[in-house]
Amino acid sequence: MKFGKEFASQMVPEWQEAYMDYDYLKTLLKELQRFKHRTKPPAAPSLKRKLTLYRAFSGLTQTHHHHNPTSPSSSPDDIESQPILVNSVSRDGSQSYETTFLMSSEEGGEYELVYFRRLDDEFNKVDKFYRAKAQEVMKEADVLNKQMDALIAFRIKVENPPGIHFDRSVEMTRLASDIAASAAALSASTPSGAKSASKRAAHLEAIEESTHGQADDDDNGDEKERNTPTLEAKPAKPKPKVIVPAPLEILDRVKMNNTLETPRSTIKGVLKVPNHTDLSFSRENLRKVEEQLKRAFVEFYQKLRLLKSFSFLNTLAFSKIMKKYDKITSRSASKSYMKMVDNSYLGSSEEVTKLMERVETTFIKHFSNANRSKGMSILRPKVKRERHRTTFSTGFFAGCAASLLLALILMIRARNIMDSEGRTQYMETMFPLYSLFGFIVLHMLMYAINIFYWRKYRVNYAFIFGFKPGTELGYRQVLLVSFGLGALALASVLANLDMEMDPKTKDYKAFTELVPLMLVVFIFIVLFLPFNVLYRSSRFFLLTCLFHCICAPLYKVTLPDFFLADQLTSQVQAIRSLEFYVCYYGWGDFKRRENTCRDSNVYNTFYFVVAVLPYLARLLQCLRRLFEEKDAMQGLNGLKYFLTIAAVCLRTAYSLNKGIAWRIIAWIVSAIAAIFCTYWDLVYDWGLLNRHSKNRWLRDKLLVPHKKVYFGAMGLNILLRFAWLQTVLNFQLPLHPQTLTTIVASLEIIRRGIWNFFRLENEHLNNVGKYRAFKSVPLPFNYDEDDDKDD
């Protein structure tokens, strides 16, 4: 793989604007190369051939070439011998670098001037971003240090309650001595360029060396061995100031953060009931605090890893592009420029690396019981590999599903089922039962397609949804589940394709009639299965989000919650099918395929309710966000769902009662709701229809390179948004009403699948614009602000 592609593939997606624009610089060099080819006289073939052999074996030509003034072997003190001169300048109070090209008078010098000007812009951009992010992580390190101070004191308090006589002063003295030694080692081993950073890093150094009642483990022996010679080599260094860890009195000015969102905490917040923030020294609270800090350290470490990768990749990119420049121009500028890169903050700062070492040691000691392999497996989870058995199983179930579908079509044609007497009864009873599986499989197929294209266009969907690293499903896993469920559903349809009752018993076979119900029960069992099989993490994540949707106003609204609620709004017909399952098998005569569900007032009432529930959940989520964020846009979004609820209710009433009045009202309200929803989809959810964008009527940044894809998606979204027209205009189609309803519901699922891709693309681009690559992790302790200022 070429470096340009490898460079792009290794970028942090949300930081891609901050990386060096390698492709553009490469384009400038290609223009320079084309100019030199146009102006350079062709060399004689014989001379070129002799020169190549002569240079390759004797080396005399290279020696002669080294006398060129632009050679790196020339004296560095002679400015005229260098093609470039790099200086550090101060602009707007910040340090930046400027390259002076000393050979601009030569032919083609204007191309090289443009190249170095853009090269400086790219380097200053990268260096500034890296410096800002390094300062951020140092501030976060200070915060984590305070959290660890409180945790250590909390542990001592819990493990040595007041009833047990324990000399805490001995413990604190030992901690202080360990911290003093580690602080001295850090100060002695820190280069002068990173002294300011080491002051902040000393806090985490203190955390690293502090322990309560445990001896140092062997895993840290190497680090002590590295630090010890440094201390011996500088015996004259003044004794460093002892960093005394916070005593147990620190707990007097620390309160617990109530980070867990529960319905109870929400109700207390609305009623303005003060939360209980006093510390309760119990092992259960200690476990919760440790778990929260553990997650915070893991997230912080991932940020450090990506920041270190950012520095390495950009440094390598500058080296590569300068080597290309030297090769094209036959100059030796890369040595001078890379010397500046190495001496800059980007190339010389070791803050992030040292901080990573501190975090590793701290995490291993305090959160993995001094087990290094266990601690590092948590901090650096292994990249999930695609298993061949997943691909094989996906293909196997896809083949089974295709074969069963073909067999179903041939059986219907061979037995002339469409013209049989029991066809109408089958469509009224069995078809709604099996259509449920069709809706689920279709939605999963659309989701698998979404994942495929999200990965193709580097949309960080795992970060956006908040999946635990390494547990997100790829498109192969989703296809495996969908094809497996599809094969089971098709097999059950083939097993229950009888159109006539048994002439002796005057009913259908009880077992085959129960097959759909057994399949639904099987799905629910798998969904709630507590064992670590069949993607347990993803199943529980789905159930958690589903529960938050049901209790919409009582939980803080996150993107996975309202994204799932939006998916449910496209599965109204599937939810109605579940209602029919309850009525059919609960109160109907399934052996004879008879039921009175649609004649029941209770059933018709719930027919309204289940259709409204997904939209009501989204409405309540919007109201919750309006209450918390005071954002008027959430109020307008809630109005959209309110209009949709009214439209769904009126269309449902018209389908049950008919009548010209119901038809007119349903048509008007549905049209208003559809127009409002379509505009919201295109402008706010997708971020399109921007007239002043550089991509007219789209947006400034597009992940898909073909603009026609966006215009096609907008047209298709509008068309499918108005698919409800068939319910009020009574199109005369040669289809059973259940078939027509299923087709319209399937079109809505397809529309939702298209919406999903562009909705997450817009969210990803918002993250890119704000360089938002990490989730904020709530911390367990809260320090008194006044005391913090005094410190």
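I count two cysteine sulfur atoms within 2.5 Å as a disulfide. The model I am working from is predicted.

**Entry 1: disulfides**

I searched the whole structure and found one disulfide. It joins Cys-583 to Cys-597, with an S to S distance of 1.9 Å. I then looked up the torsion about the S-S bond of Cys-583 and Cys-597; it is about -110°, so I note the disulfide as left-handed.

Next I placed the two cysteines. Cys-583 sits in helix α23 (residues 572-587), while Cys-597 belongs to the loop between α23 and α24 (601-629), so the pair ties together parts 14 residues apart in sequence. I checked burial as well: Cys-583 has 11% relative accessibility and counts as buried, and Cys-597, at 1%, also counts as buried.

**Entry 2: other cysteines**

I looked up Cys-545 and found it in no disulfide; its nearest cysteine sulfur belongs to Cys-549 and is 6.8 Å away. Cys-545 is buried, with a relative accessible area of 6%. Cys-622 is buried too, at 1% relative accessibility.

**Entry 3: α16 and α18**

I fitted axes to helix α16 (residues 423-456) and helix α18 (residues 475-495); they come within 8 Å and cross at roughly 165°. Angles over 145 degrees count as roughly antiparallel, so I record α16 as roughly antiparallel to α18. Their crossing is left-handed.

I listed the contact residues. On α16 they include Tyr-434, Phe-437, Met-444 and Phe-452; on α18, Val-478, Phe-483, Gly-486 and Ala-489 are among them. By class, the residues of the α16 contact with α18 divide into 19 nonpolar, three polar and no charged.

Terms used. Residues are numbered from 1 along each chain as its sequence is written. This is a predicted model: local features need pLDDT of at least 70, side-chain atom pairs count only at pLDDT 80 or more; totals for chains, interfaces and linings use all residues. Side-chain values use heavy atoms; hydrogens and water are left out. Helices (H or I, at least four residues) and strands (E, at least two) are DSSP runs, numbered from the N terminus. Buried means under 20% relative accessible area, exposed over 50%, partly exposed in between (1.4 Å probe, protein chains only). Axes are lines fitted to C-alpha atoms, for helices over the stretch in contact, and angles run from 0 to 180 degrees between N-to-C directions. Angles under 35 degrees count as roughly parallel, over 145 as roughly antiparallel, 65 to 115 as roughly perpendicular and the rest as oblique. A crossing is left-handed if the near helix is turned anticlockwise from the far one by less than a right angle, and right-handed if clockwise. Contact means heavy atoms within 4.5 Å. Ala, Val, Leu, Ile, Met, Phe, Trp, Tyr, Cys and Pro count as nonpolar, Asp, Glu, Lys and Arg as charged, and the others, Gly among them, as polar.
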